[in-house]
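Subject: Handover of a structure and summary of findings

Dear colleague,

Please find the structure below, passed to you for further work. My summary of what was found follows it.

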Amino acid sequence: MTEMPEVEILVRGLREHVVGRTIQTAEVLLPSAVRFPAVPEFIAQLAGCMVTSAERRAKYILLGLSDELLLGLHMMLWGTLRLAPAVEARPPHTLITWRLDRDEELRLIDQLGYARAALGTPEAVSQGLGLHLLGPEALDPGFDVAALARQIGRRRGVLKSLLLNQRVLAGLGNRDADESLWLAGLDPRRSAATLTEAELTRLHAGIREMLTEGIAQGGTQRDLLGRKGRARHRRHIFERTGLPCPRCGTAIAITRLGGRRTHYCPGCQQ
Ligand SMILES: [Zn+2]
């Protein structure tokens with residue numbers, strides 16, 4: 001799945017291989033993949049723009065462009081980006097392409113067709129995508145245990161749902177939330193208000209460990225150039241229902257919380 005580590009790996013690839021280059025033309029193969037503006041405007045505004053920066057905010061990829069424009073991309077569940085020679089056949093499910101200099105093409109690919117792009121001034125993109133509403137970044141150096149306590153401590157709802165709420169905390173997807181809670185030994189159905197100081201400390205450490213290790217391993221997917229990451233999609237409990245917990249041997253259980261599949265160990269997550 002395309003979660004925060006996978007997005008971070010793509011952003012690092014964009015910084016290395018795409019920043020400083022010029023977009024000659026854009027081609028939209030799936031019109032619904034452009035959230036705004038209208039497709040003809042999207043194509044017209046991108047022509048001739050230079051890519052000046054690549055940043056990540058939560059699971060958004062933000063490409064700064066010349067002409068005071070920002071291109072926002074969201075990979076949703078399985079979307080990805082690939083940089084390839086323009087002559088190379090496009091994979092099926094290519095949604096949008098950006099033709100670059102040196103006869104290369106940046107491609108937005110998603111077998112489910114859910115990935116999305118948006119273009120405008122930084123203010124328009126921030127408003128349109130709700131970037132201004134996002135909570136603190138989970139890997140920001142300033143995001144310490146006290147900050148986690150402030151973000152989740154007084155909110156209603158079960159832990160799992162709070163961790164997925166990007167307005168509470170930016171960066172955790174479904175897989176990484178399940179694995180972080182397992183690392184912390186916390187039941188995803190717990191109310192956040194009941195967490196002790198020690199439990200908050202474990203949760204903070206679990207989130208950090210999950211995300212930093214995912215990034216260090218290059219994510220679970222292929223990067224911008226098609227090189228496979230070494231992180232495992234099924235790590236400890238995610239999509240391992242019925243298999244023994246690697247810590248205590250209890251069969252891993254699955255439930256639904258806030259509409260999302262949630263894997264946990266009934267033996268050692270309390
Ligand atoms: Zn267990």
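For the classes used below, Ala, Val, Leu, Ile, Met, Phe, Trp, Tyr, Cys and Pro count as nonpolar, Asp, Glu, Lys and Arg as charged, and the others, Gly among them, as polar. Please note also that this is a predicted model.

Second largest pocket

With these classes, the lining of the second largest pocket divides into 3 nonpolar, 3 polar and 5 charged residues. The residues concerned are Trp78, Thr80, Arg82, Glu88, Pro91, Arg107, Ile109, Asp110, Gln111, Gln221 and Arg222. At least two residues of this lining come from strand 6 (80-85), and at least two from strand 8 (104-109). The space in the second largest pocket amounts to about 240 Å³.

Largest pocket

The largest pocket holds about 440 Å³ of space. Its lining consists of 24 residues, and those nearest the centre of the pocket are Lys59, His74, Met76, Leu77 and Gln166. Strand 5 (69-74) and strand 9 (116-120) each contribute at least two residues to the lining of the largest pocket. By class, that lining comprises 13 nonpolar, 6 polar and 5 charged residues.

Zinc site

Which atoms coordinate the zinc ion? The donors are the SG atoms of Cys245, Cys248, Cys265 and Cys268, at 2.2 to 2.4 Å. The site of the zinc ion is tetrahedral, with angles of 97 to 116° among the 4 donor atoms. Along the chain, the donors of the zinc ion follow the spacing C-x2-C-x16-C-x2-C. Within this set, the pair Cys248 and Cys265 links distant parts of the chain, being 17 residues apart. Cys248 lies in the loop between helix 7 (197-216) and strand 10 (253-257), whereas Cys265 lies in the segment after strand 11 (260-264). As to accessibility, Cys248 is partly exposed, with a relative accessible area of 37%. Cys265 has 0% relative accessibility and therefore counts as buried, the cut-off being under 20%.

Overall fold and dimensions

The protein contains 7 helices and 11 strands. Along the principal axes, the C-alpha atoms fill a box of roughly 55 × 35 × 30 Å. Of the 270 residues in the protein, 53% are buried.

Backbone geometry

Most residues other than glycine have a negative phi, and most peptide bonds are trans. The following residues are therefore listed for your attention against that background.

- Phe36 and Pro37 are joined by a cis peptide bond, with omega of about -5°. Pro37 is placed in the loop between strand 2 (34-36) and helix 2 (39-46).
- His93 is a residue other than glycine with a positive phi, near 70°. The loop between strand 6 and strand 7 (94-100) holds His93. With a relative accessibility of 45%, His93 counts as partly exposed.
- Arg102 is not a glycine, yet has a positive phi of about 55°. Arg102 is in the loop between strand 7 and strand 8. Its relative accessibility is 62%, so Arg102 counts as exposed, for which the cut-off is over 50%.

Two residue pairs

How far apart in space are Met210 and Ser180, which are 30 residues apart in sequence? Their C-alpha atoms are 5.9 Å apart. Met210 belongs to helix 7, and at 5% relative accessibility Met210 counts as buried.

Arg167 and Arg247 are 80 residues apart in sequence, and their C-alpha atoms are 32 Å apart in space. Arg167 is located in the loop between helix 5 (159-164) and helix 6 (174-184). The relative accessible area of Arg167 is 51%, so this residue is exposed.

Kind regards

Conventions. Residues numbered from 1 in each chain as written. Predicted model: local features only at pLDDT ≥ 70, side-chain atom pairs only at ≥ 80, totals over all residues. Heavy atoms only, no water. 1 Å grid on protein atoms, 1.4 Å probe; cavity = no way out; pocket = protein on both sides within 12 Å on 5 of 7 lines; lining within 4 Å. Points joined across faces, edges and corners; volume = space filled by probe spheres on them. Helix = DSSP H or I, 4+ residues; strand = E, 2+ residues; numbered from the N terminus. Donors = N, O, S within 2.8 Å, 3.2 Å for Na, K, Ca; no water. Tetrahedral: all angles 85-135°; square planar, octahedral: opposite > 155°, others 65-115°. Buried < 20%, exposed > 50% of the residue type's maximum accessible area, 1.4 Å probe, protein only.
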